Amino acid sequence: MPADTIRTLLANAERLLAVPGEAIACPPALAGHSVALLFFEPSTRTRCSFELAAKRLGAVTVNFHAAAASIAKGESLADTLYTLEAMGVDLFVVRHRDSGVCAELARLAAPHVAVVNAGEGRRDHPTQGLLDTLTILRHKPDLERVRVAIVGDIVHSRVAYSAVTALTALGVTDIRLVGPAEWLPRDEPFARASRHTALKDGLAGADVIMALRIQKERMAAAEEPDSDRYFARYGLTEDKLAGAAPGAVVMHPGPMNRGVEIAAEVADGPRSVIREQVTNGVAVRMAVMQRLLNKPTDTEALLV
Ligand code: CP
């Protein structure tokens, strides 16, 4: 996604954050549209925020649960798409464990139908990357000077890939990857990030600290660390944050495992912007769906 597109989406999301629900234009931007939420992996934040975003913009939503759908009787993903398209769905929000599914569905879909990636494979969670970037911008607007430490299981994290892609596009240069050496990737978009196996080194002077969940579903059982030992070395506690910059904020994409990658005192503490990330996610997803359906995105068009 070009930097200008990211900036436009984030500016629109920022304006949407300021629009109270009762001020949404009538008819709202997505009135007459139908959005299907196709989730093949568990989700709370992404699925619910896409649903709320679609509803706030006036769309009808359909929740598709793979385990209870005819996929379980052998129907293909392509036939599922064609079936829902025939019912009038014109925007699909898709989460899938395999990379490339969203691109394939977009290729098969009718020209007026849009497909949004809601988390796919190990590398893509674009709307999470956007909401994380928006959250950072709201607290640390000088992106060229901000120091971002990402702590934990980075190599399996689609969140980390998408966040670093967006942040790098907008000019962030000080990105530190912190965790066990085998979890610190070297390929793009991480090639220019610094790597730290000692938490203290990675957090020194950091303005933004993003904790990540251990993605057990994407690793062999033998690779899983002992939770207590992991927490002792890499779990974020107030004591361990002492070397971060004054005013540093703590982020986590969720779902959190308290007492593993982050202590409750930090998750619920004054530095935490974790719930702001969730709030920002609704606005970002509103902006993304409006753009995909070629709807007006300026504030005036949204207001009554
Ligand atoms: N951050 C995120 O994708 O959370 P969910 O899995 O709950 O959607």
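This is a predicted model: local features need pLDDT of at least 70, side-chain atom pairs count only at pLDDT 80 or more; totals for chains, interfaces and linings use all residues.
Visitor: Which residues surround the ligand?

Guide: The ligand is surrounded by Pro42, Ser43, Thr44, Arg45, Thr46, Arg95, His125, Gln128, Pro253 and Gly254. A residue counts as near if one of its heavy atoms lies within 4 Å. By class, this shell holds 2 nonpolar, 6 polar and 2 charged residues.

Visitor: What distances are found for the backbone atoms of Arg45 and Gly254?

Guide: A polar backbone atom of Arg45 is 3.0 Å from an oxygen atom of the ligand. For Gly254, a backbone N or O atom lies 3.1 Å from a nitrogen atom of the ligand.

Visitor: How much of the ligand's area does the protein bury?

Guide: The protein buries 92% of the 260 Å² that the ligand exposes when taken alone.

Visitor: Why is the ligand said to sit in the largest pocket?

Guide: The ligand sits in the largest pocket because more than half of its atoms lie within 2 Å of the grid points of that pocket.

Visitor: What is known of the space and lining of the largest pocket?

Guide: About 370 Å³ of space lies in the largest pocket. Its lining has 20 residues, and those closest to the centre are Pro42, Arg95, Arg213, Gly254 and Pro255. The elements giving two or more residues to this lining are α2 (45-56) and α6 (158-169). By class, the lining divides into 5 nonpolar, 8 polar and 7 charged residues.

Visitor: Which residues lie nearest the centre of the second largest pocket?

Guide: They are Met1, Pro126, Ser162, Thr165 and Ala166, out of 15 lining residues. The volume of the second largest pocket is about 280 Å³.

Visitor: Which element supplies the largest share of the lining of the second largest pocket?

Guide: The largest share, 5 residues, comes from α6. Both α5 (126-139) and α6 supply at least two residues of this lining. Its residues divide into 8 nonpolar, 4 polar and 3 charged.

Visitor: What is the omega of the cis peptide bond that joins Glu188 and Pro189, and where is Pro189 found?

Guide: Omega is about 5 degrees for the cis bond joining Glu188 and Pro189. Pro189 is in the loop between β6 (174-178) and β7 (194-196). Most peptide bonds are trans.

Visitor: What is omega for the cis bond from Gly254 to Pro255?

Guide: Omega is near -5 degrees for the bond from Gly254 to Pro255. Pro255 is found in the loop between β9 (249-251) and α9 (264-267).

Conventions:
Residues are numbered from 1 along each chain as its sequence is written. Side-chain values use heavy atoms; hydrogens and water are left out. A polar contact is a pair of N or O atoms within 3.5 Å; within protein, one must be able to donate a hydrogen and the other to accept it, and residues adjacent in sequence count only if both atoms are side-chain atoms. Accessible areas come from the Shrake-Rupley method with a 1.4 Å probe; for residues, only the protein chains shown count as cover. On a 1 Å grid over the protein atoms alone, a cavity is a set of points where a 1.4 Å probe fits but cannot get out, and a pocket is an open set with protein on both sides within 12 Å along at least five of seven lines; lining residues have an atom within 4 Å of a point. Ala, Val, Leu, Ile, Met, Phe, Trp, Tyr, Cys and Pro count as nonpolar, Asp, Glu, Lys and Arg as charged, and the others, Gly among them, as polar. Grid points are joined across faces, edges and corners, and a volume is the space filled by probe spheres set on the points. Helices (H or I, at least four residues) and strands (E, at least two) are DSSP runs, numbered from the N terminus.
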